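I opened the model to look up strands, their neighbours and the ring contacts. My notes follow.

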Amino acid sequence: MDSPAFDLAFEPAYGRAVPVAPGVERVTVNNPGPFTFFGTNSYIVGSSSVAVIDPGPEDEAHYQALMAALAGRAVTHIVVSHTHRDHSPLSRRLQAATGAVTVGQGPHRPARPLREGEVNPFSESSDLSFVPDIALSDGETISGDGWSLSAVLTPGHTANHVAFALKGRDILFSGDHVMAWSTSIVAPPDGSMADYMESLERLIERQDRLLLPGHGGPVTKPPSFLRALKAHRLKRGQAVLARVQAGDRGIAEMVKAIYRDTDPKLHGAAALSVLAHIEDLLERGEIAADGPPSLAASYRPAQGR
């Protein structure tokens, strides 16, 4: 299956601020993992008064690195793309130290209610304590000395995911919605594939020249990368549909076939991604389920298809 041209080249430079664009610096947390790549990227925007985007997890070394990078500058805003624990928890400590206001789309919430007997597999990964001082609607803007950030709501990875456009620069801080190194996990009930695809279409229409993501390096050619990412997701959905049409009834069977070249340690996450596609296919009437959709449910082609 064709994929976007993912870029795995990245130097995290733990502990120091790295300029990535005029007036923008990146500080990467030393929290590498299968979902975080080399770690979470925090961004500092501005010069004399700044915003910090995605302060990251509660990590002492990262807190000290941020404070060193911020020395002599006023922090006016702490901006959060979404409420996973690798992005938002350090906002509380940073706010106590700087007096800055916190900004986001809103507190954590699932994309849909949990079904009877369903367990949220990412509940421990969610920062349920974060409530922004300023909850932005789509297109609303915050500003500082020489910079303005406009909210671009991008639900999908989480229901409260928001990207931030640096106005007048064609730069978008894309959080975990779009990353150069990998696709973003979309896992129900926190995530929604239908929402993700709609948000992806929004970014395609924007025509930004640079995306700065929550993990890994920048997306330097957003229009072509985003179109390839959309095509990849559509093909993945078609692959799930094809497995159901071929006779696969359970998600575990589909994962073994579709992700046969993927590290088995990631098959749990892959199953959640397949479930996200399943929910989308069910909503569009392409397939049917025996009971509520879940990782354990049985699926079949819709009648007449």
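I started with strand β4 (residues 49-53), which is mostly covered: 5 of its 5 residues are buried. Buried means under 20% relative accessible area, exposed over 50%, partly exposed in between (1.4 Å probe, protein chains only). Strands (E, at least two residues) and helices (H or I, at least four) are DSSP runs, numbered from the N terminus.

A note on the source: this is a predicted model, where local features need pLDDT of at least 70, side-chain atom pairs count only at pLDDT 80 or more, and totals for chains, interfaces and linings use all residues. Residues are numbered from 1 along each chain as its sequence is written, and side-chain values use heavy atoms, with hydrogens and water left out.

Which residues of β4 lie on each face? I found Ser49, Ala51 and Ile53 on one side, Val50 and Val52 on the other, all buried. In a regular strand the side chains alternate between the two faces of the sheet.

Next, the partners of β4. Strands pair if DSSP finds at least two bridges between them. Strand β3 (residues 41-46) pairs with β4 in the antiparallel sense over 4 bridges, and a hairpin of 2 residues joins β3 to β4. Glycine 46 has valine 50 as its bridge partner in β4. β4 and strand β5 (residues 74-79) run parallel, joined by 5 bridges. There, valine 52 is partnered by isoleucine 78 in β5.

I then checked the open sheet of 5 strands. Its order is β8-β9-β10-β11-β12, with mixed pairing. β8 (141-144) and β12 (210-213) stand at the edges with a single partner strand each, so one side of each lacks a neighbour in the sheet. Strand β11 (residues 171-175) runs parallel to β12, with 4 bridges between them. Isoleucine 171 stands opposite leucine 210 in β12.

Last, the rings. Rings of Phe, Tyr and Trp (its six-membered ring) pair if their centres lie within 6.5 Å; planes under 30 degrees apart count as stacked, over 60 as edge-to-face and the rest as tilted. I count 6 aromatic pairs by this rule. Phenylalanine 37 and tryptophan 181 are stacked, 4.4 Å centre to centre with 5° between the planes. They sit 144 residues apart in the chain, phenylalanine 37 in the loop between β2 (24-28) and β3, tryptophan 181 in the loop between β11 and α3. Both phenylalanine 37 and tryptophan 181 are buried. Ring pairs link Phe10, Phe37, Phe38 and Trp181 into a cluster.
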